[in-house]
Number of protein chains: 2
Amino acid sequence: MSTQKRALARDAIKALIVDAARELFVRDGIEAVTMRAIAKRIGYTPTTIYLHFRDKQALLEELCLRDMGALANAFHRIGRIEDPVDRLRRLGMAYIDFAVDYPSHYRFIFMTQKPAITSALQASPDQNAYLMLFETVKEGIAAGQYRPEFDDAHQLAQLMWGALHGIVALQIVKSDEPWIEWRDVRETARAMCDLSMRGVLRA
Amino acid sequence: MSTQKRALARDAIKALIVDAARELFVRDGIEAVTMRAIAKRIGYTPTTIYLHFRDKQALLEELCLRDMGALANAFHRIGRIEDPVDRLRRLGMAYIDFAVDYPSHYRFIFMTQKPAITSALQASPDQNAYLMLFETVKEGIAAGQYRPEFDDAHQLAQLMWGALHGIVALQIVKSDEPWIEWRDVRETARAMCDLSMRGVLRA
DNA sequence: TCAACTTGCTTAACAGCGTTAACGCCGGGA
DNA sequence: TCCCGGCGTTAACGCTGTTAAGCAAGTTGA
């Protein structure tokens, strides 16, 4: 077999593994994703997976990386919006859409701490997303759109990120607590967008 | 041994177990808390722990329950504040204090989903905390302190809770991501309080 | 053509986890 | 004295992620 064909075969089985992992991931949650379960699903032994991925963490990261296209595309599209304030609001809603559509992915990416030095080299999508958020609020500050006390782009970015993250994170973790009458996430998130924009914008 | 003395001894060893678990919990995080590590620390075998706790989940819940006194006391004290808006702000800051002082506890209570039907009987502290938040915003709504679009006490409670939760949750999980210049949690949280109060209050 | 090497995959195992069945010991009550 | 119940143990089960060693088939070089 030529080296090219071999590379293709490698990519094919890699995709096979990732697809099997994804099915377990989105259907039964991250707890159901075990190396043995993935292997069983594609008719290999668990050892085989290690021929294609360093470890489980790397596999899950690749899985999320592949599925973050949705978020990346939306962010890229929104990035062309001129007004930084409008752009910020749209970024927020796109972020919420991703969290609602891919709760398992969201949980893995934004709600579990990765073991320190992982993929420290290439920029991860969440890193890019934060940078985009940061640039957007920075532009808004430079344009004098926000109240004067919000002069720190990092703090403002972390405020907006945190506000939306809290809404979805709470619901992902506590959605089946019977003593909370949960409201629709999207509506609450929209209200949070309006609320926080009103809180930071110049009167 | 009298039954009374036996009960005391039971309580003593229970406390011993919880204390050992706590040390591991706060020093090395929840991942370091294994039944074997706890047992080793107090010179027993892991099996002994099961004579006093149903399972690991129950042990961790009891541990957190014992340490939530700090939060419960603060909430109780603040509960006496007359003005519901002022009370809401103070509740928020107390909540942040707890999250910053007990990050491991916070992570276990508010950032991991418990296995469904756990301690469904007696009211858990987080349940009480949510109820208190709910009552406070309800009073504020009744007093006409908030903008008319915030007429749903549950949604408003979830908004305020989510806003603060997002701030601390992000930092707990992503504090050692090198590509984020984190601002001080307490300051950011205070800014979030001001911001969201301004966003929801009547002009 | 045949040996040597590479590649893909498996079998078997290791170390650790939460948890439980079975048993030993020991003190108090009948 | 006998027995019984509670405390603690040993040993194990079944699960996890991960790895060392080996096997078989295909490619390559002499």
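## Stop 1

Select helix α10 (residues 185-200) of chain A together with α10(B): the two pack at an angle of about 105°, with their axes 7 Å apart. An angle from 65 to 115 degrees counts as roughly perpendicular, and α10(A) is therefore roughly perpendicular to α10(B). To see the contact, display L195(A), S196(A), R198(A), G199(A) and V200(A) on α10(A), and L195(B), S196(B), R198(B), G199(B) and V200(B) on α10(B). Coloured by class, the contact of α10(A) with α10(B) shows 4 nonpolar, 4 polar and 2 charged residues. Please bear in mind throughout that this is a predicted model.

## Stop 2: the α9 pair

Next, select helix α9 (residues 153-174) in chain A and helix α9 (residues 153-174) in chain B. Their axes come within 6 Å and cross at roughly 100°. α9(A) and α9(B) are therefore also to be viewed as roughly perpendicular to each other.

Which residues of α9(A) meet α9(B)? On α9(A) they are W161(A), G162(A), A163(A), L164(A), H165(A), G166(A), I167(A), A169(A) and L170(A). Facing them on α9(B) are W161(B), G162(B), A163(B), L164(B), H165(B), G166(B), I167(B), A169(B) and L170(B). The contact of α9(A) with α9(B) comprises 12 nonpolar, 6 polar and no charged residues.

## Stop 3: the whole contact between the chains

Now widen the selection to the contact between chains A and B. Chain B contributes 35 residues and chain A contributes 34 residues. On the side of chain B that touches chain A, the elements giving two or more residues are α8 (125-142), α9 and α10 (185-200) of chain B. The largest share of that side, 14 residues, comes from α9(B). By class, the side of chain B that touches chain A holds 18 nonpolar, 12 polar and 5 charged residues.

## Stop 4: the nonpolar core

In soluble globular proteins, nonpolar side chains tend to be buried together. Here the largest nonpolar core has 101 residues, and the members that touch the most others are M160(A), L164(A), M192(A), M160(B), L164(B) and M192(B). Centre the view on M192(B). Leaving aside residues up to four places away in sequence, M192(B) touches L159(A), G162(A) and A163(A) in chain A, and A163(B), L164(B) and I167(B) in chain B.

## Stop 5: chain A as a whole

Hide the other chains and show chain A. This chain has 10 helices and 0 strands, and its C-alpha atoms fill a box of roughly 65 × 45 × 30 Å along the principal axes. Of its 203 residues, 35% count as buried. Among contacts in chain A with a separation of 6 or more, 61% join residues 24 or more positions apart.

## Stop 6: two loop residues of chain A

Select W182(A), found in the loop between α9 and α10 of chain A. Is W182(A) buried or partly exposed? W182(A) is partly exposed, because 15 other C-beta atoms lie within 10 Å, whereas a buried residue needs 20 or more. Apart from residues up to four places away in sequence, W182(A) touches Q171(A) and S175(A). For a distance label, pick the C-alpha atoms of W182(A) and A153(A): these residues are 29 apart along the chain, and the atoms are separated by 32 Å.

D83(A) counts as partly exposed because it has 14 C-beta neighbours inside 10 Å. D83(A) and E139(A) lie 56 residues apart in sequence, yet 9.0 Å apart in space, C-alpha to C-alpha.

## Stop 7: the DNA strands

Finally, bring back every chain and select DNA strand C. Of the 18 residues that surround DNA strand C, the closest are T45(A), T47(A), T34(B), D55(B) and K56(B). Two or more residues of this surface come from each of α1 (3-28) and α3 of chain A, and α2 (35-42) and α3 of chain B. The surface near DNA strand C has 8 nonpolar, 5 polar and 5 charged residues.

Turn to DNA strand D. Which of the 18 residues around DNA strand D come nearest? They are T34(A), D55(A), K56(A), T45(B) and T47(B). The elements giving two or more residues to this surface are α2 (35-42) and α3 (46-49) of chain A, with α1 (3-28) and α3 (46-49) of chain B. The surface near DNA strand D divides into 8 nonpolar, 5 polar and 5 charged residues.

Key. Residues are numbered from 1 along each chain as its sequence is written. Chains are lettered from A and ligands numbered from 1 in the order in which they are written. This is a predicted model: local features need pLDDT of at least 70, side-chain atom pairs count only at pLDDT 80 or more; totals for chains, interfaces and linings use all residues. A residue is near a molecule or strand if its C-beta atom, placed from the backbone, lies within 6 Å of it. Helices (H or I, at least four residues) and strands (E, at least two) are DSSP runs, numbered from the N terminus. Ala, Val, Leu, Ile, Met, Phe, Trp, Tyr, Cys and Pro count as nonpolar, Asp, Glu, Lys and Arg as charged, and the others, Gly among them, as polar. A residue is buried if 20 or more other C-beta atoms lie within 10 Å of its own, exposed if 12 or fewer, and partly exposed in between; C-beta atoms are placed from the backbone. Axes are lines fitted to C-alpha atoms, for helices over the stretch in contact, and angles run from 0 to 180 degrees between N-to-C directions. Angles under 35 degrees count as roughly parallel, over 145 as roughly antiparallel, 65 to 115 as roughly perpendicular and the rest as oblique. Two residues are in contact if their C-beta atoms, placed from the backbone, lie within 7 Å. A nonpolar core is a set of buried Ala, Val, Leu, Ile, Met, Phe, Trp, Tyr and Cys residues joined through C-beta atoms within 7 Å.
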